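Here's a walk through one protein model, written for someone who likes cut-offs spelled out. Have the coordinates open and follow along.

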Amino acid sequence: MTKITVSAIKADVGGYVGHSDTHPRVQDAIESHLEDHADVLENYHVTSAGDDLQLILTHRRGSDDERIHELAWNAFESGTAVAQDLGLYGAGQDLLSDAFSGNVRGLGPGAAEIEFTERPSDPIVVFAMDKTEPGAFNFPMYKVFGDPFNTAGLVIDPSMNEGFTFEVWDIEEDRRVFLDTPEDAHELLALIGAPSRYVIKRVYPREGNKNDPDEPVASVSTEKLVDVAGEYVGKDDPVAIVRSQSGLPAIGEVLEPFTFPHMVSGWMRGSHVGPMMPVSMEHSQTSRFDGPPRCIAAGFQITDGNLVGPNDLFDDVAFDRAREQASEQADYLREHGPFEPHRLPLGELEYTTLPEIMDTLSEEWEHMDSSKPVAQATPVGSVE
Ligand code: F6R
Ligand code: MG
Ligand code: MG
């Protein structure tokens with residue numbers, strides 16, 4: 001049997017209301033489009049996180065397949081038509097091109113995909129975050145695959161003892177590097193501790209693992225909307241797929257990093273630092289200050305190419321404390337109002353609407369050693 005591919009493709013095609021949630025009729029339209037074109041798929045499931053919809057597709061056509069991406073694009077377009085009829089906010093927001101051309105990457109939607117040999121029983125988790133950037137997955141991915149204090153299997157399971165290989169993308173320079181843990185852990189952390197630039201794209205098992213070292217065990221969507229649109233149109237709100245068990249981190253090890261609400265960029269106007277709150281699907285609506293940033297976890301067993309699930313994995317009282325902690329951190333940060341470090345540093349605000357505010361002062365600035373007005377505003381992010 002050919003390998004199975006899981007594609008998680010996401011887009012925001014309209015918020016209900018504002019940027020807080022999706023509308024059930026949009027999801028219905030997308031599901032019925034997929035149903036009508038299901039011949040190319042093994043199976044599909046549509047879910048949502050905040051104002052983003054995720055298409056979880058299984059098929060036998062590999063990653064980056066044109067027909068699958070076109071199907072996803074057309075499904076999002078049919079959702080956009082309903083969003084426009086309903087007057088939803090930002091209808092079609094993430095479909096940044098007038099027409100599909102070859103691959104959703106570079107057109108607005110985000111995609112995480114893995115092609116692999118299906119095991120006799122194959123558990124996966126699809127994570128979807130809202131109100132944040134792709135690098136928000138750096139922290140949990142490192143904990144899951146690189147940190148023995150999180151993942152007991154790195155110490156106890158002989159299949160995982162050699163560690164994992166991380167594929168890290170420099171999304172500013174369009175280049176990538178492969179780093180092996182444990183031996184390259186410090187270099188890896190030097191990069192991924194700066195998540196606005198260095199992003200974990202994929203993770204692979206190493207020789208000695210009972211899973212194929214050429215088949216990724218995790219994949220993250222790394223598309224940056226601002227690079228596609230050339231201006232701020234919303235945060236990227238990434239998705240990730242993680243394969244689990246049998247020589248890979250157990251489901252509980254995959255979820256464990258989310259007991260700590262780590263700080264991420266995004267939240268209100270994509271311009272703030274806020275805690276990542278793990279939530280059940282029912283609670284993914286981002287209404288407080290357009291957030292705080294959230295993550296859902298949809299668990300599936302892949303069985304003969306079918307998606308058996310989802311199991312709503314953060315719907316567990318054991319994550320209540322993380323949610324409470326995230327709310328406390330949110331209160332603390334909100335008290336700062338427009339002050340850093342709640343507000344992002346100037347360099348990261350370059351692509352938001354803040355520079356327009358700065359521009360209004362351009363004629364007002366005076367050099368302190370002369371009374372002459374300064375002709376040009378000091379660019380945001382630069383220090384003289
Ligand atoms: C964040 C986000 C929202 C909007 C905010 C303002 O990713 O999408 O926080 O930035 O609601 O939206 P506009 O400018 O459309 O009124
Ligand atoms: Mg939105
Ligand atoms: Mg969103």
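Let's start at one arginine: arginine 197 is partly exposed, at 21% relative accessibility. On the scale used here, buried means under 20% relative accessible area and exposed over 50%, with partly exposed in between (1.4 Å probe, protein chains only). Its side chain meets that of glutamate 172 in a salt bridge, 3.6 Å from N to O. A salt bridge here is a side-chain nitrogen of Lys or Arg within 4 Å of a carboxyl oxygen of Asp or Glu. Arginine 197 sits in the loop between α5 (185-192) and β8 (198-205), while glutamate 172 is in the loop between β6 (164-170) and β7 (175-180), so the two link distant parts of the chain, 25 residues apart. Glutamate 172 itself is exposed, with a relative accessible area of 56%.

A word on bookkeeping: this is a predicted model, where local features need pLDDT of at least 70 and side-chain atom pairs count only at pLDDT 80 or more, while totals for chains, interfaces and linings use all residues. Residues are numbered from 1 along each chain as its sequence is written, chains are lettered from A and ligands numbered from 1 in the order in which they are written, and side-chain values use heavy atoms, with hydrogens and water left out.

The salt-bridge count comes to 22. Here are three of them, with the N to O distances.

| Pair | Closest N and O atoms |
|---|---|
| Aspartate 64 and arginine 105 | 2.7 Å |
| Arginine 176 and glutamate 167 | 3.0 Å |

What does the pairing of aspartate 64 with arginine 105 tie together? Aspartate 64 lies in the loop between β3 and α2 (66-86) and arginine 105 in the loop between α2 and β4 (110-116), so the pair connects parts that are 41 residues apart in sequence. Aspartate 64 is partly exposed at 38% relative accessible area, and arginine 105 is partly exposed at 24%. Both belong to a network in which salt bridges with shared partners join Asp64, Arg105, Glu113 and Glu223.

Now for the metals. Donors are N, O and S atoms within 2.8 Å of the metal (3.2 Å for Na, K and Ca); water is not among the atoms, so sites may look incomplete.

The magnesium ion (ligand 3) is coordinated by Asp51 (OD), Asp52 (OD), Asp130 (OD) and Asp237 (OD), at 2.0 to 2.2 Å. Along the sequence, these donor residues are spaced D-D-x77-D-x106-D. Aspartate 51 is in the loop between β2 (43-49) and β3 (52-59), and aspartate 237 is in the loop between α6 (225-229) and β10 (239-243), so this pair ties together parts 186 residues apart in sequence. Aspartate 51 and aspartate 237 are both buried.

The magnesium ion (ligand 2) is held by Asp12 (OD), His19 (ND1) and Asp51 (OD), at 2.0 to 2.2 Å, and the spacing of its donors is D-x6-H-x31-D. Aspartate 12 is buried at 2% relative accessibility, while histidine 19 is partly exposed at 25%. Which residue bridges the magnesium ion (ligand 2) and the magnesium ion (ligand 3)? Aspartate 51 does, and the two ions lie 4.6 Å apart.

**Nonpolar cores**

A nonpolar core is a set of buried Ala, Val, Leu, Ile, Met, Phe, Trp, Tyr and Cys residues joined through side-chain atoms within 4.5 Å. The largest one has 37 residues, and Phe127, Met141, Phe145, Phe164 and Phe166 touch the most other members. Helix α3 (residues 138-146) is the biggest giver, with four residues in this core. Leaving aside residues up to four places away in sequence, methionine 141 touches Gly146, Phe166, Ile200, Ala218, Val220, Ala240 and Val242, where a contact means heavy atoms within 4.5 Å. A second, separate core has 28 residues, including Ala11, Leu41, Phe76 and Leu88.

**The whole chain**

Zooming out, the protein has nine helices and 15 strands; these are DSSP runs (helices H or I, at least four residues; strands E, at least two), numbered from the N terminus. Of its 384 residues, 54% count as buried. Among contacts between residues at least 6 apart in sequence, 67% join residues at least 24 apart. The C-alpha trace spans about 75 × 50 × 40 Å along its principal axes.
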